[in-house]
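The structure comes first, my entries after it.

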Amino acid sequence: MSPTTAALVHDYVLGELVDHFDFDLSGIAAPQSVARQQARTALSGRASREQIDDAVLVADELVGNALQHGYGVVSMTLDVYEKGVTVGVLDRGTDISAIPTAPSVDQVGNVENEGGRGLFLVAQFATAWMVQAVQGGKAVVAVFDLTGSAL
């Protein structure tokens, strides 16, 4: 079982944990589709449509990154708090030192390296994000402040 994002998120005050969802995505033919659907369902009625769309996009990107760079996605967690939500994706990758935050751009503005676009989107849509080594791999966690939402 993957760790709850409540255990990983310690720098953000989101209030009390209201609900926890843990989705096993290993061995699923379309884990990104499942992640999007589960995120949308879990947050329905708990946040604005725009906030839900942002969390769904981030869940999709995190699962996609785990598939492409993390030796396979293991699970996704969604923790709903009084004032926010976290989306965490656990994969089997162990290298947390070389995670790009944005694509490389040359002096003229041309993209030199396509890598980092997914996490760049995560950084743009989430309030914050972090990577942490966990037993059996790493967890990438995105934090969303939902203050003022339907939560």
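Which residues are buried in helix 2? I found Pro31, Ala35, Ala39, Ala42 and Leu43, taking buried as under 20% relative accessible area, exposed as over 50% and partly exposed as in between, with a 1.4 Å probe and protein chains only. Seen down the axis of helix 2, these buried residues fall within an arc of 85°, so they line one face of the helix; the arc is that of the directions from the helix axis to the C-beta atoms.

I noted that the model is predicted, that local features need pLDDT of at least 70 and side-chain atom pairs pLDDT 80 or more, while totals for chains, interfaces and linings use all residues. Residues are numbered from 1 along each chain as its sequence is written, and side-chain values use heavy atoms, without hydrogens and water.

For what covers the buried residues of helix 2, I listed strand 1 (17-24), helix 3 (49-69), strand 2 (73-81) and strand 3 (84-91) among the elements. After helix 2 comes glycine 45, with a positive phi near 80°.

Next I looked up aromatic pairs (ring centres of Phe, Tyr or the six-membered ring of Trp within 6.5 Å; planes under 30 degrees apart are stacked, over 60 edge-to-face, the rest tilted), and the count came to 1. The rings of phenylalanine 21 and phenylalanine 23 have centres 6.2 Å apart and planes at 0°, so the pair is stacked. Phenylalanine 21 counts as partly exposed because its relative accessibility is 21%, whereas phenylalanine 23, at 14%, counts as buried.

Definitions and conventions
Helices (H or I, at least four residues) and strands (E, at least two) are DSSP runs, numbered from the N terminus. Contact means heavy atoms within 4.5 Å.
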